[in-house]
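This report describes the fold and the local geometry of one protein chain. Please consult the sequence and the structure shown below while reading.

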Amino acid sequence: MTGLFSWQVPQLEQLRHHFLKQDLAHAHLIDDPAGEGGQGFVAALASTILCERTQLGGCSSCSSCQLQSAGSHSDLLWVMPEDSKQIKIEQIRSVIEWSHQTPQQGRAKVLVLDPADRMNVYATNSLLKLLEEPAPNTYLFLISTSPARLLPTIRSRCQRLNLATPTNEEGLRWLRETRPAADPNSLEDVYAITGHKPISAQALFDSEQMTPRLAMVSALNEWIKGYCGPIETAKKLAAKETPSLPYELLYRAAAIAQRQRFLPQATNQGVFQALIDELAGNWSAKALSRLADACGKALSQSSASNNLNAELSLEHFLMTQREPV
Ligand SMILES: [Zn+2]
């Protein structure tokens, strides 16, 4: 579980303020599709609510905070899928039982469902009862990686909370601080590749996926420059596990290249930046927008079709998409 990030502090302050005024919503749906800090944020919020001093993120010295750090606070219930991939009805039944008990520490109770979209239909129906008849002083936080999968009846009973995101500079600074020995160009590359999502970028940087991902970017750049033909490029790009990845990378590069016209010159020397520079320098705004559209279409097709034709589809895409300046 990750901790609280600096860019989340003002949002946490705001919720603490509502809690102190006793107008904090009874149930929140935390939208965290990319896993960008939802868990850490909710953990800090739970600590704030349960702390005897209501200190931001907990004071770590009161008895409530100590119980929490020992993982034995009876007023905090964090429910995750057990052996299966789903939160089961038995788990929700014990949640309801727990919700009827008075808070042991006398303050409030916090329930977290993580991720809430992994509930089966029985568990969902059971949870609805809890949302319809909220227990006093009980706060529910539903963390969701894909809120669209939750029933509208659940969504409509929760206050939606979009997690605060860092500015590009803030996110990159955090990434650099957490990986001080890393090559700054590679860090900046993965940061841009993941759509400026620092936690996803860190995970990609640490994974075995980084090298093949950067190789894919280089292959796309060779094709853009006209050094490598569509058939050979398609061969290099076709990765059976991730047929949509080349389109995603190109889409992102085209989108950043469009914005780059209005920004100061980037100083990064990474391979992804090289692809962006190539597009920004030699492609017209119209051609970039056409390329982004084509990538968007190819993306939806590649996720709908099977992987067998990935290489052929890529060949076709590359043959039809490379536009002269
Ligand atoms: Zn405390």
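The sections that follow move from the domains to the sheet, the helix contacts and the backbone.

## Model and domain division

The structure is a predicted model. Its chain is divided into two parts, with domain 1 covering residues 6-162 and domain 2 covering residues 208-321. Taken over C-alpha atoms, the centres of domain 1 and domain 2 are separated by 40 Å.

## The five-stranded sheet

Five strands form an open sheet with parallel pairing, and their order is β2-β3-β4-β1-β5. The edges are held by β2 (76-79) and β5 (159-162), each of which pairs on one side only. On average, and with direction ignored, neighbouring strands of this sheet are turned by 20 degrees against each other.

## Contacts of helix α7

Helix α7 (residues 168-178) packs with helix α9 (residues 198-206) at an angle of about 35 degrees, and their axes are 9 Å apart. The crossing of α7 and α9 is right-handed. On the α7 side the contact is made by G171, W174, L175 and T178, and on the α9 side by P198, A201 and Q202. Sorted by class, the contact of α7 with α9 comprises four nonpolar and three polar residues, with no charged residues.

Helix α7 also meets helix α8 (residues 184-193), where the axes come within 10 Å and cross at roughly 135 degrees. The helices α7 and α8 are therefore oblique to each other. Their crossing, too, is right-handed. The residues G171, L172, L175 and R176 in α7 meet P184, L187, E188 and Y191 in α8. By class, the contact of α7 with α8 divides into five nonpolar residues, one polar residue and two charged residues. G171 and L175 take part in the contact with α9 and also in the contact with α8.

## The pair α10 and α11

Helix α10 (residues 210-225) and helix α11 (residues 230-237) pack at an angle of about 170 degrees, with 9 Å between their axes. This angle makes α10 roughly antiparallel to α11, because angles over 145 degrees count as such.

From α10, the residues M216, A219, E222 and W223 make the contact, while α11 contributes T233, K236 and L237. The class composition of the contact of α10 with α11 is four nonpolar, one polar and two charged residues.

## Backbone features in loops

Two loop positions deserve attention when the backbone torsions are inspected. The peptide bond from D114 to P115 is cis, with omega near -5 degrees. P115 is found in the loop between β3 and α5 (121-132).

Q22 has its place in the loop between α1 (9-20) and β1 (27-31).

Methods: Residues are numbered from 1 along each chain as its sequence is written. This is a predicted model: local features need pLDDT of at least 70, side-chain atom pairs count only at pLDDT 80 or more; totals for chains, interfaces and linings use all residues. Domain bounds come from an automatic or database domain assignment. Two strands pair if DSSP finds at least two bridges between them. Helices (H or I, at least four residues) and strands (E, at least two) are DSSP runs, numbered from the N terminus. Axes are lines fitted to C-alpha atoms, for helices over the stretch in contact, and angles run from 0 to 180 degrees between N-to-C directions. A crossing is left-handed if the near helix is turned anticlockwise from the far one by less than a right angle, and right-handed if clockwise. Two residues are in contact if their C-beta atoms, placed from the backbone, lie within 7 Å. Ala, Val, Leu, Ile, Met, Phe, Trp, Tyr, Cys and Pro count as nonpolar, Asp, Glu, Lys and Arg as charged, and the others, Gly among them, as polar. Angles under 35 degrees count as roughly parallel, over 145 as roughly antiparallel, 65 to 115 as roughly perpendicular and the rest as oblique.
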